[in-house]
Amino acid sequence: MCISSRIDKAFYDIGRLDILALADTPLHRLDPRAKLLATLVFIVCVVSFGKYEISRLLPFSLYPAVLIGLGDLPPGYLAKKLIMVSPFVIFIGIFNPWFDQTVMFTIGPIAISGGWVSFASLIIRFILTVSAALILIASTGFAPMCMAMEKLGTPKIFAVQLLMLYRYLFVLIAESLRIVRAHSLRSFSRKGKITYRVFLQIAGNLLLRTIDRAQRIHMAMLSRAFTGEIKIVRQFSFGYKEWLFAAGFSVIFITMRSADIAGLLGRLLMEIK
Amino acid sequence: MHMADALLSPAVGGTMWVVTAATTAYASRKVRKSLDDRKIPLMGVLAAFVFAIQMINFSIPGTGSSGHLLGGLLLAILLGPDAACLAIASVIVVQALFFADGGLLALGCNIFNMGIIGCYIGYPLIYKKIAGNSPSGTRLLAAALVAGVVSLQLGAFAVVLETTMSGISELPFSSFIIMMQPIHLAIGIVEGLITAGIVAFIWKARPEILDCAATDRPLGDLPIKKVLTGLATVAVIAAGTLSWFASSHPDGLEWSLAKVTGHEELAGPGDGVHSVMEKVQDKTAFMPDYGFKEKTAAPEAADTSSSPVSLGTSTAGLVGGVMVMLLGLGIGFALKKKSGNPA
């Protein structure tokens with residue numbers, strides 16, 4: 001893939017999640033703290049299972065499914081993002097069947113080894129945790145998330161740092177996109193490939209511009225009465241809906257973690273005593 | 001080198017969260033204390049710069065592959081270790097949230113591996129010692145190369161340690177090490193070369209930027225030993241507590257649940273619920289003939305699970321799991337249709 005189209009894609013990616021976060025659904029209206037807490041409990045519950053667990057992980061898909069529904073989020077887009085980041089986990093996990101060949105159970109003539117079971121478990125964990133995180137940001141937006149983090153005890157300067165990064169991310173991605181496009185328009189034979197030497201020039205120039213930009217921003221802040229103290233103004237209300245959401249989901253997750261809901265239901269349906 | 005939540009155990013992830021949170025708090029305090037409020041916008045914009053520049057790949061001569069800047073060392077040179085640590089941490093948070101690179105539980109690990117190591121080991125203990133205060137020529141190149149290689153080697157080693165200790169991946173420690181370290185040697189060399197190149201460029205074009213970064217930073221009195229011992233203490237305490245949770249019972253969650261409810265697990269199917277269930281079962285079971293006879297599984301496979309698994313019950317578990325999943329998807333779908341209507 002050529003570089004400028006890669007940058008374009010990243011640009012579009014962040015923008016798309018941001019647009020999703022602008023929607024107005026019951027999920028979007030919740031205080032971000034409630035969603036953040038529920039998601040953290042969810043992730044800890046999911047990853048705390050033993051490595052051969054499959055059936056008890058499956059009920060946890062309730063949470064992403066319900067949230068996608070409540071927040072009216074596009075499941076196809078989220079799935080595409082999931083697949084895009086899966087290579088690393090698959091790469092590490094695919095060694096499990098290789099190293100763990102003890103047979104766990106057989107389906108007819110096919111013996112299933114522990115490695116395949118743990119690999120499947122790993123993939124399910126991956127899908128659950130990543131989709132929960134994506135849903136969190138797609139239903140909340142970045143700025144409210146940072147403010148929620150600040151309210152939950154993140155150092156203020158770090159919250160401000162996150163907000164600043166996010167504000168200038170788009171500006172700088174656009175700037176580097178222009179530089180790369182200018183370069184590729186002037187390099188016919190190389191097909192836009194950037195050599196080490198050229199890269200240093202590009203990076204150095206972009207860095208100089210960036211530092212100048214920071215100086216201008218600082219001036220602008222000073223002229224608006226910046227005294228070194230950043231004020232974050234945001235009204236949040238942690239009402240009964242938030243309590244219901246955070247506490248309700250946490251109770252559900254911990255119940256699903258501690259009691260074998262899947263097994264219970266399965267035995268019910270199949271009449272095993 | 002972004003780790004995913006799926007590869008981590010709660011004990012390892014939690015420990016690294018505590019360590020990283022403590023370091024972030026420490027760095028925040030240091031940055032606040034330094035009187036230079038120009039740094040606040042500079043940190044934000046430079047983090048965005050790192051983000052943008054990471055997307056520009058360049059071809060590595062003679063190999064056919066391409067590389068890009070990671071930026072931790074560069075930020076440390078421009079901002080000093082504390083501000084750089086916060087900036088890199090913010091980049092990793094955004095990557096986790098928007099690109100799903102690494103997860104939320106893995107944030108602690110990722111910030112430690114890619115940020116804290118470079119900012120508090122690679123920069124002050126290696127780069128600073130070799131390069132001194134006037135970065136130029138071969139000293140700069142050597143400093144950046146060594147610092148880049150060491151930071152990335154340590155980072156890769158931390159990834160291996162964290163993954164192995166979590167025990168989700170079956171990869172043996174030794175083969176994982178053999179896979180990770182050489183790749184990150186190459187990445188570290190590239191990182192050192194680019195960092196040195198960019199710093200040299202800035203030094204030629206606008207030396208005052210580096211001068212100013214080198215002088216206004218209160219690095220002389222930065223008690224790096226204190227930082228490292230502090231880090232180690234926090235890590236040991238956190239790991240100790242969390243692993244005690246983990247080892248006294250298969251999982252800490254069950255342990256804490258036992259304290260809350262007085263039972264290790266909530267009432268299972270074998271207890272009082274069962275008799276009620278049995279009655280309901282007769283009415284609701286729609287595939288009673290599919291009940292498997294209880295067979296015990298291969299004993300060597302059962303050692304890791306808390307109770308011996310039988311084929312019948314594990315199949316039942318799977319069926320139940322799939323049912324709940326379908327139910328969840330159904331609910332989600334129904335909600336989606338409902339909320340989609342008014343729009």
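In chain A, strand 1 (residues 103-107) pairs with strand 2 (residues 110-113) in the antiparallel sense, over four bridges. Strands here are DSSP runs of E with at least two residues, helices are runs of H or I with at least four, both numbered from the N terminus, and pairing requires at least two DSSP bridges. This is a predicted model, in which local features need pLDDT of at least 70 and side-chain atom pairs pLDDT 80 or more, while totals for chains, interfaces and linings use all residues. Residues are numbered from 1 along each chain as its sequence is written, with chains lettered from A and ligands numbered from 1 in the order written.

Two residues lie between the strands, and Gly108(A) takes a positive phi near 60°.

In chain B, the axes of helix 1 (residues 10-33) and helix 4 (residues 81-98) come within 8 Å and cross at roughly 130°. Axes are lines fitted to C-alpha atoms over the stretch in contact, with angles from 0 to 180 degrees between N-to-C directions.

Finally, helix 3 (residues 72-79) of chain B packs with helix 7 (residues 173-205) of chain B at about 35°, their axes 9 Å apart. Among the residues making this contact are Leu73(B) of helix 3 and Glu191(B) of helix 7, contact meaning backbone-placed C-beta atoms within 7 Å.

How values were computed
Two residues are in contact if their C-beta atoms, placed from the backbone, lie within 7 Å.
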